[in-house]
Amino acid sequence: MAEKISLQEVRAVLPHIMAAAVRNLYPDAKTAAGILTEDGFTYDVDPGKTLADSDLPRIEKEMQSLITRNIPIELRTVSMEEALELFRNEPYKAECISETSGTEPFTVCVVDGYTDVCGSGLIPSSGMIDRNCFKLLSVSGAYWKGDETKPVLQRIVAVVCSGSKELQEYLAHLEELKKRDHRIIGKELDLFSFHEDAGPGLCYWHPKGGRMRVAIENFWREEHYKNGYEIVFTPHIGRSWLWETSGHLGFYRESMYSPMEIDSTDYYIKPMNCPFHIMIYKNSKHSYRELPFRWAELGTVYRYEKSGTLHGLTRVRGFTQDDAHIFCTPEQMDSEIAEVLRFSLYMLKSFDFTDVSAYLSTRPEGKCVGALEKWNAATEALRNAIVAAGLPYKVDEGGGAFYGPKIDLKVKDSLGREWQLSTIQFDFNLPERFGLTYTSRDGNEKQPYMIHRALLGSLERFFGVMIENYGGLFPVWLCPTQVQVIPVGHDFDGYARSVWQKLRAAGIRADIDVSDENMKQKIRTAQEQKIPYMFILGDREQAAGTVSCRIRTGEQQNRAAFDSILAQIKDKIEQKKQP
């Protein structure tokens, strides 16, 4: 390249080169819009046919040809009238232009005879780009403007790096991501499934996934009881007045499922648990002496997500929120926030998420519920808790909801990706809407503070993130099968069954393989299932009443006493460690 250009400049111009390449290959194609992403870009096109990933190398080759030919990139400024004339045969671009106001003049670029809408400051020619710095990753259907009533376009996803070496490193990283994809691992380990024909975005937990979920839920419940919470259970549906009072029908209607009529009254399946916890609070009068109430629930909720946004366990329509609501006095606010944050960090650490940062969202401009002094006090309580915990944090000025400030905790997984999990949210809205009160020390009725809190977020999304963080190599306490019992032949099935029964009686999640496969295949299957311990039992083990234990890491203990190996396994479970 004759002149060094920045990665940002390369990413800015490559979408236009790709659109020109698509037009060259598919002369009747209509192009829509490109969007720059953190690592490349996406571009929606209508080529007149359904593209497949196998079509992408052909488009890449045409893009490389345009780069090699050093095509000039001409910039022009035009009025709206001129722009509409230029794009009279490009309905998607013309629609976007006609919807804009006050943005004249428009900047357009011309690449190899193809005209596109663009920003200013593009490089003058394509030859300044490294022809091997990009890769078209995938193509899929996408509704125009995300509207399911509009045409389906073809969305091409591309990655752009600073050079060919960086691109190869990035592609290797993507391969590692694919290996850890929770959808793939979930299928390989037989943990869960989705069935589009029975309802998209709804998870079916298989027996092995169920074992893991029960382990997580049991731990969650035990820790909540230890930390002063009470666990409640609430209905799955409620009358429309409940959601009208809470404001969900006014502010959240599009994300709720359609009502069902029962006894001439509309009922809605719940998208949130909070109104139900409020109904429990309203069941009786309360004194300041009773507060705080810490009520937690693993409550399954349903929210309508557009089909194009669904993604395995991390974006579903039905999920179990690990929810809690704290009702407290203003004087208890600081200590409750500090305790919730401490508890959140403890829970995340228990699943090996130790790289945690906080995002503090403050009062937005415009109409908000709650007095300014309440907002200021709540925001400072959140900030002080973050500082006291020693967490790095950023402030999202004005990013809070209209009903209160919040903390979002984000974790980095083993591949350096950031995930938002825990949330601590103040709410000045619902206590006011439902008229919540408590009798204060001076005998007057006052409104309690209400704090929404989710530690894991939702079990489904957390499960997906956790699978990818561990890559399926779970610590022993989480493994669906902790020990696989493997008799080397059918002559030892009886002894193997007795060992298997002893393991189960000791609380170990154990399975037994009495299939007709040979021993090596049984071991290979257990390794593929990422089972941490394999008890291999043959003539010597049966005669001595011992077990030979093969560990997932490759270590082996031959003819060891059962109680000794069991103690080692229990220690790993207790310490929540890898085998």
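Colleague: Which residue's side chain is joined to that of Asp44 by a polar contact?
Modeller: First, this is a predicted model, where local features need pLDDT of at least 70, side-chain atom pairs count only at pLDDT 80 or more, and totals for chains, interfaces and linings use all residues. Residues are numbered from 1 along each chain as its sequence is written, and side-chain values use heavy atoms, leaving out hydrogens and water. A polar contact is a pair of N or O atoms within 3.5 Å; within protein, one must be able to donate a hydrogen and the other to accept it, and residues adjacent in sequence count only if both atoms are side-chain atoms. At 2.8 Å, the side chain of Asp44 makes one with that of Arg155.

Colleague: Is Asp44 buried or exposed?
Modeller: Asp44 sits in strand 2, residues 40-46 (helices, H or I with at least four residues, and strands, E with at least two, are DSSP runs numbered from the N terminus). Buried means under 20% relative accessible area, exposed over 50%, partly exposed in between, with a 1.4 Å probe and protein chains only. Asp44 has 7% relative accessibility, so this residue is buried.

Colleague: How big is the largest pocket, and which residues lie closest to its centre?
Modeller: On a 1 Å grid over the protein atoms alone, a pocket is an open set of points with protein on both sides within 12 Å along at least five of seven lines, a cavity is a set where a 1.4 Å probe fits but cannot get out, and lining residues have an atom within 4 Å of a point. Grid points are joined across faces, edges and corners, and a volume is the space filled by probe spheres set on them. The largest pocket comes to about 1900 Å³. Of its 47 lining residues, the closest to the centre are Leu137, Ser138, Val157, Arg183 and His311.

Colleague: Which element supplies the largest share of the lining of the largest pocket?
Modeller: Strand 2, where Asp44 is found, is one of the elements that supply at least two lining residues. Helix 5 (164-180) and strand 7 (152-160) are also among them. The largest share, 8 residues, comes from strand 6.

Colleague: And which element gives the most to the lining of the second largest pocket?
Modeller: That pocket has a volume of about 1000 Å³. Of the 40 residues that line this pocket, Tyr252, Met272, Arg303, Gln321 and Tyr403 are closest to its centre. With 6 residues, the most comes from strand 22.

Colleague: What kind of aromatic pair do Phe351 and Trp477 form?
Modeller: Rings of Phe, Tyr and Trp (its six-membered ring) pair if their centres lie within 6.5 Å; planes under 30 degrees apart count as stacked, over 60 as edge-to-face and the rest as tilted. By this rule there are 24 aromatic pairs. For Phe351 and Trp477, with 5.3 Å centre to centre and 50° between the planes, the pair is tilted.

Colleague: Why is the pair of Tyr470 and Phe474 given the kind it has?
Modeller: Both Tyr470 and Phe474 are buried. Their ring centres are 6.0 Å apart and their planes stand at 75°, so the pair is edge-to-face.

Colleague: How much space lies in the largest cavity?
Modeller: The structure holds 2 cavities of 30 Å³ or more. The largest one has Phe474 in its lining, along with residues including Leu189, Lys208 and Arg552. Its space is about 80 Å³.
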